[in-house]
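I opened this notebook to look up a few things in one model. The entries below go from the surface to the inside.

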Amino acid sequence: MTTLTEAAPPAPAKHRAEVATALPPARGQSFLKLVAIELRKSLNTRSGRVLIAAVLLLAVAAIGWQLTHLPQGPAGFDGFLGAASTGVMLILPVIGVMAMTSEWTQRTALTTFTLSPRRVRVQLAKFVSAIVLSVVVMTVVVALALAGTALAGAVTDHTTSYADLGGQLAGAYLTVALNVVMGAAFGAVIAQTAVAILVYFIAPTAWSLAGPALFKDNANWLDVFGAFGRIIERDLNGMLPETLTAIGIWIVLPTIVGLWASSRREVK
């Protein structure tokens with residue numbers, strides 16, 4: 001006679017199979033969700049909030065200075081926008097650098113790339129979030145510049161001018177976005193915040209100072225600040241090849257190298 005124990009079917013393996021088939025398939029995170037996560041990372045850190053606050057405070061201070069030093073003639077929006085966007089051009093790219101280096105300097109890369117193993121996708125989300133943040137901050141700065149221009153017309157005897165408003169905004173937004181992408185690209189290549197920020201500020205500046213002395217007019221081919229100036233002024237001055245080459249060398253190439261390096265960097 002067989003016992004109850006001997007007659008019982010071997011259920012554990014079957015049970016495991018049933019449980020496995022009953023589980024819903026795992027879904028990857030959408031790209032928009034990754035962008036939202038990276039955007040939140042940039043805003044949730046104390047350093048990120050301090051940098052954005054510094055940009056806005058500098059914009060307010062610059063507009064105040066512009067109001068007390070109005071030139072002869074109409075109070076132009078271009079003057080207020082140029083003064084207010086100085087802090088954006090100088091400080092906002094640092095947030096792009098920090099967005100790319102944070103996983104490596106704060107030792108969160110293991111967690112991030114475990115949850116989202118496709119590294120290039122995560123890095124692209126970081127680039128997009130940096131651009132989105134730059135657009136939002138620049139929009140606030142533009143609103144401050146518009147308010148400053150209107151205030152100049154209201155409290156002084158100057159007339160106001162908004163000539164070529166659309167062109168000015170297009171040049172400003174494009175230049176800010178390129179500047180932030182360049183900072184993020186340097187961060188992706190170097191992966192160390194302090195070193196990446198240092199190289200970002202020193203390397204192009206050194207070329208813009210030493211290049212003309214060494215290579216005369218040929219230095220324009222690698223002068224990214226000159227390219228930014230032509231873009232923001234909407235006047236390429238017959239230098240489209242030089243402008244595109246400078247952007248390609250200082251922005252496109254580091255972006256490609258940074259994505260490649262990030263996908264192969266050892267996670268510690």
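Surface. I looked up the accessible area first: the protein chain exposes about 14,800 Å², and carbon and sulfur atoms supply 69% of that area. The areas come from the Shrake-Rupley method with a 1.4 Å probe, and for residues only the protein chains shown count as cover.

Basis. I note that this is a predicted model, in which local features need pLDDT of at least 70, side-chain atom pairs count only at pLDDT 80 or more, and totals for chains, interfaces and linings use all residues. Residues are numbered from 1 along each chain as its sequence is written, and side-chain values use heavy atoms, with hydrogens and water left out.

Fold. I found 12 helices and 2 strands in the protein chain; these are DSSP runs numbered from the N terminus (helices H or I, at least four residues; strands E, at least two). The pattern along the sequence is α-α-α-α-β-α-α-α-α-β-α-α-α-α.

Of the 268 residues in the protein chain, 40% are buried, meaning under 20% relative accessible area with a 1.4 Å probe, protein chains only. Among contacts (heavy atoms within 4.5 Å) with a separation of 6 or more, 75% are between residues 24 or more positions apart.

Aromatic rings. How many aromatic pairs does the structure hold? I read 6. Rings of Phe, Tyr and Trp (its six-membered ring) pair if their centres lie within 6.5 Å; planes under 30 degrees apart count as stacked, over 60 as edge-to-face and the rest as tilted. Phe186 and Tyr200 are edge-to-face, 6.1 Å centre to centre with 80° between the planes. Phe186 is in helix α9 (residues 165-190) and Tyr200 in helix α10 (residues 193-215), so this pair ties together parts 14 residues apart in sequence. Phe186 and Tyr200 are both buried.

Phe186 has another partner: its ring centre is 6.4 Å from that of Trp250 and the planes are at 10°, so the pair is stacked. Trp250 lies in helix α12 (residues 240-264) and Phe186 in helix α9, so parts 64 residues apart in sequence are tied together. Trp250 is buried, as is Phe186. I also noted one aromatic cluster formed by Phe186, Tyr200, Phe201 and Trp250.

Cavity. I found 1 cavity of 30 Å³ or more. A cavity is a set of points on a 1 Å grid over the protein atoms alone where a 1.4 Å probe fits but cannot get out; lining residues have an atom within 4 Å of a point. The largest cavity has a volume of about 30 Å³, and its lining includes Leu92, Ala130 and Val180.

Notes: 1 Å grid on protein atoms, 1.4 Å probe; cavity = no way out; pocket = protein on both sides within 12 Å on 5 of 7 lines; lining within 4 Å. Points joined across faces, edges and corners; volume = space filled by probe spheres on them. Buried < 20%, exposed > 50% of the residue type's maximum accessible area, 1.4 Å probe, protein only.
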